[in-house]
Amino acid sequence: MTRVVLCGYGRFGRVYADRIREHAQLELVGVVEVGAVQDAVRDAGLRPFDTLREALDVTHPGLVVVATPPALHAVLGIEALQRHVDVMLAKPGALSQDEAERIVSVAWRRGRRVVVDYTPMMSPAWQQLRALPWHDGILTMRLVRRGVQAYQACGALWDLAPHDVAMALDLDATDRVVDVVACGWWYPEYDEPVGAWLHLSHESGRTTRIEVDWMAATTERRVEVVEYDRMHVWDQVADTVGWTRRGYRCGDDGNVKGVWDLTPNLSPVVGDGQDNVTRALSRAISGVDDTERLLEVTRILAAAEQSIYMGQRCIA
């Protein structure tokens, strides 16, 4: 049984708290929060702490889960790592390349692990997709994430795109991103972009296109993979169920010519009954380490941010 301290008991922190308590291999021994939120922690039958230092001194956990606003991810993650405790960070994990490098530096010096909750990457549907025997190699992958969500101070680029960048890298970790072009869009009342479009060029010549949008009228989660003569489309059903698959055959001109493998590709991918947060928690105690992935995802997002604000292509 791994003892866990949770940092943050807001909207996402409560989800983590519930999943930790339900997990057969985890014990939630404390929650770091401040002010009136501590009353909600006590009402849930949990032990509140004012600071992470106090929680570490009293509970001696094997894992710290950081589910605070992103601005605190690096500070709290580094504090736990310096005390020789493994860390699981909610996405994005870091808000700059410098933050990511400081987190990873401490983790390596202390010999500890860092796991980042890139939740869609945990789903059985994604694992099945990445294992497919691709027909003629992937030419383009497009990842779309739209839906009405609460505004986060870090902006849509850092709030949503980390998932998709991680998935693009997970498809082939050796195919490095060498060029990034991005643009963003704002609403007057917000300081950071509410949506972003990214074009990533890989060493192999493959491209990844990512679109994230908080303010879309309908919720949508889709992955499109284009090969030489066919296109795969995966639509999200739910975390616990999986994704529905569709397939299209393309002609020499690249236009869709019809549906192929109709029966198997219109069936939903069955999940394992768990949601992605539970899978991420299991991953955090499985010996996996995301330090290299955190560095690479943050490097690409930092280049995309520079491209958005400078209006130019960035060499990542």
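Predicted model: local features only at pLDDT ≥ 70, side-chain atom pairs only at ≥ 80, totals over all residues.

Visitor: How many helices and strands does the protein have?
Guide: The secondary structure consists of ten helices and 14 strands.

Visitor: And what share of the residues is buried?
Guide: Of the 316 residues in the protein, 53% are buried. The accessible surface is about 13800 Å², and carbon and sulfur atoms account for 51% of that surface.

Visitor: Among contacts between residues at least 6 apart in sequence, what percentage join residues at least 24 apart?
Guide: The figure is 67%.

Visitor: Let us turn to sheets. What is the strand order in the open sheet of six strands?
Guide: The order is E3-E2-E1-E4-E5-E6, and the pairing is parallel. Strand E3 (48-49) and strand E6 (114-117) form the edges, each pairing on one side only.

Visitor: How many bridges join E5 to E6?
Guide: Strand E5 (residues 86-90) and E6 run parallel and are joined by four bridges. One of the residues involved is Ala-90, whose bridge partner in E6 is Asp-117.

Visitor: What about strand E7; which strands does it pair with?
Guide: E7 pairs with strand E10 (residues 207-213) in the parallel sense, over seven bridges. With strand E11 (residues 220-226), E7 pairs in the antiparallel sense, also over seven bridges. Leu-143 illustrates both pairings: its bridge partner is Ile-210 in E10 and Val-223 in E11.

Visitor: How many residues of E7 are buried?
Guide: Six of the seven residues in E7 (residues 140-146) are buried, so the description "mostly covered" applies to this strand, given that buried means under 20% relative accessible area.

Visitor: Moving to helices: why is H4 described as largely enclosed?
Guide: Because seven of the ten residues of H4 are buried, the helix is largely enclosed by the rest of the structure. The buried residues are His-73, Ala-74, Leu-76, Gly-77, Ile-78, Ala-80 and Leu-81.

Visitor: What covers them?
Guide: The cover over the buried residues of H4 includes strand E1 (2-7), helix H3 (52-59), E4, E5, helix H5 (97-110) and E6.

Visitor: Where is Thr-68?
Guide: Thr-68 is in the loop between strand E4 (63-66) and helix H4 (73-82). With a relative accessible area of 12%, Thr-68 falls under the 20% limit and therefore counts as buried.

Visitor: Which residues does Thr-68 touch, leaving aside neighbours within four places in sequence?
Guide: Thr-68 is in contact with Cys-7, Gly-8, His-73 and Leu-76. Two of these, His-73 and Leu-76, are among the buried residues of H4.

Visitor: Is Cys-7 buried or exposed?
Guide: Cys-7 is buried, at a relative accessible area of 0%. Cys-154 is also buried, at 11% relative accessibility.

Visitor: How many disulfides are there?
Guide: The structure holds zero disulfides.

Visitor: A change of topic: how many aromatic pairs does a search of the whole structure find?
Guide: The search finds one aromatic pair. The ring centres of Trp-186 and Tyr-309 are 5.8 Å apart and the planes lie at 70 degrees, so the pair is edge-to-face.

Visitor: Where do the two residues sit?
Guide: Trp-186 is in the loop between strand E8 (177-185) and strand E9 (195-202), while Tyr-309 belongs to helix H10 (residues 291-310), so the pair ties together parts 123 residues apart in sequence. Trp-186 is partly exposed at 35% relative accessibility, and Tyr-309 is partly exposed at 42%.

Visitor: Which residue lies over the face of Phe-12?
Guide: Lys-91 lies there, at 5.8 Å from the ring centre.

Visitor: Back to H10, then. What does Leu-295 contact?
Guide: Leu-295, which is in helix H10, contacts Ala-100, Glu-101, Val-104 and Trp-108, leaving aside its neighbours within four places in sequence. Leu-295 is partly exposed, with a relative accessible area of 22%.

Visitor: And how far is its C-alpha atom from that of Ala-94?
Guide: The C-alpha atoms of Leu-295 and Ala-94 are separated by 9.1 Å, although the two residues are 201 residues apart along the chain.

Methods. Residues numbered from 1 in each chain as written. Heavy atoms only, no water. Buried < 20%, exposed > 50% of the residue type's maximum accessible area, 1.4 Å probe, protein only. Helix = DSSP H or I, 4+ residues; strand = E, 2+ residues; numbered from the N terminus. Pairing = 2+ DSSP bridges. Phe/Tyr/Trp six-rings, centres within 6.5 Å; stacked < 30°, edge-to-face > 60°. Lys NZ or Arg CZ within 6 Å of the ring centre and 35° of its normal. Disulfide = S-S within 2.5 Å. Contact = heavy atoms within 4.5 Å. Areas by Shrake-Rupley, 256 points an atom, 1.4 Å probe, with all protein chains shown as cover.
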